[in-house]
Amino acid sequence: MSLEAVARKDFRDAVRSRWIWVLSALFVVLFAGPALFRFTLGIGLGDGAEATGIALLFIQLMKEGTAVLVPIIAIVVGYASITRERESGTLKLLLSLPHSRADVVVGKVLGRSAVIALPVAVGFLAAGLVLIPASSGFALASFLAFGFLTMLLGVVFVGLAVGISAAARSDREAMVGSVGAFVLFQVFWGTATSRIAGGLQEYAGLTAQNRYLVELGAKLLNPIAAYKTLADSLVFESQMQARQQLFGFFLFPDPAAQEALGQELPVIFTDPVVAALMVLWFVVPVYVGMVLFERADL
């Protein structure tokens with residue numbers, strides 16, 4: 001298939017440019033480095049409960065850093081994937097071969113996704129080799145699930161960046177669009193959802209419970225927040241506790257949110273739905289970018 005040829009070429013170019021090797025080294029340091037502190041600090045192997053606690057603490061600490069670094073790297077990998085070839089003129093040469101515009105977009109997405117997913121997997125493998133003596137049973141399963149979630153986060157932002165690149169006319173437009181999306185998700189989204197929900201409670205008469213349910217729903221539309229709360233689901237005893245962590249700071253949720261949300265989690269806020277929302281942030285930008293790219297005058 002033509003898209004497979006585009007994806008293979010994109011991936012080979014990344015290997016030749018040493019992107020794969022640099023990112024792999026970065027993620028090995030990022031993920032295995034904190035795990036090595038376990039031995040540096042002289043923490044014993046301990047029993048099963050202690051081992052589980054160590055692995056889950058690793059997830060809880062690492063999710064904050066990966067939620068920032070992985071999207072940034074994914075944007076760097078993907079934002080110029082199409083616009084750079086469009087500006088240089090090589091895109092017309094690529095399209096003169098038996099590749100459709102859809103093949104180019106999807107192929108770029110697949111190739112760049114591999115560029116981000118493989119180094120993340122290598123980094124988690126290195127961390128796993130360090131943590132294996134302290135990880136058993138459910139803790140090991142949670143660690144592997146966290147690795148998959150982190151790869152998914154990277155792939156989601158690759159899809160977002162490539163979709164924007166397909167719709168943009170220049171590298172500058174693609175960079176502004178991709179970075180703007182990241183800043184929106186990382187900096188402004190949480191504050192905006194809190195103020196909107198508070199305004200609805202004050203002026204539309206929402207009850208405290210409905211106010212926090214509305215705010216929770218809005219927060220979960222953010223792929224970074226969705227990633228964090230899915231990671232928390234691997235750590236806490238219930239999915240409701242994981243959602244409550246979105247209100248507050250680190251391990252200290254907002255008591256008002258805890259009281260209002262209670263213990264019963266509506267189905268629309270469960271892990272499968274939240275994961276589906278993350279995947280939509282991959283599918284929709286790629287599809288919209290592909291449609292706009294089909295209509296673009298090159």
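Let me start with one word: a residue is buried when its relative accessible area is under 20%. By that cut-off, 47% of the 298 residues of the protein chain count as buried. Keep in mind that this is a predicted model.

Now the overall layout. The protein chain has 13 helices and two strands. Then look at contacts with a separation of 6 or more. Residues 24 or more positions apart account for 80% of them.

On to the core. The largest nonpolar core has 73 residues. Which residues have the most contacts inside it? They are F27, F146, F157 and M278. Helix α7, residues 138-167, gives this core its largest share, with 14 residues. As a general point, nonpolar side chains tend to be buried together in soluble globular proteins.

Take F146 from that group. Leave aside residues up to four places away in sequence. F146 then touches I59, M62, K63, T66, F124, Y227, A231 and L234.

Next, a pair of helices. Find α1, residues 2-16, and α6, residues 101-131. They pack with their axes 7 Å apart, at an angle of about 40 degrees. That angle makes α1 oblique to α6. The crossing of the two is right-handed.

Who meets whom here? On the α1 side we have S2, L3, V6, A7, D10, F11 and A14. On the α6 side, the list includes D103, V104, V106, G107 and K108. Further on in that list come L110, G111, R112, A114, V115 and L118.

Is S113 buried or exposed? Its relative accessible area is 10%, so S113 is buried. What does S113 touch, not counting residues up to four places away in sequence? The answer is V155, V158 and F282.

Last stop, G177. You will find G177 in helix α8, residues 171-203. G177 has a relative accessible area of 28%, so this glycine is partly exposed. Now bring in S165. Along the sequence, G177 and S165 are 12 residues apart. In space, C-alpha to C-alpha, G177 and S165 are 8.5 Å apart.

One is the 73-residue nonpolar core. Another is the right-handed crossing of α1 and α6.

Key. Residues are numbered from 1 along each chain as its sequence is written. This is a predicted model: local features need pLDDT of at least 70, side-chain atom pairs count only at pLDDT 80 or more; totals for chains, interfaces and linings use all residues. Side-chain values use heavy atoms; hydrogens and water are left out. Axes are lines fitted to C-alpha atoms, for helices over the stretch in contact, and angles run from 0 to 180 degrees between N-to-C directions. Helices (H or I, at least four residues) and strands (E, at least two) are DSSP runs, numbered from the N terminus. Angles under 35 degrees count as roughly parallel, over 145 as roughly antiparallel, 65 to 115 as roughly perpendicular and the rest as oblique. A crossing is left-handed if the near helix is turned anticlockwise from the far one by less than a right angle, and right-handed if clockwise. Contact means heavy atoms within 4.5 Å. A nonpolar core is a set of buried Ala, Val, Leu, Ile, Met, Phe, Trp, Tyr and Cys residues joined through side-chain atoms within 4.5 Å. Buried means under 20% relative accessible area, exposed over 50%, partly exposed in between (1.4 Å probe, protein chains only).
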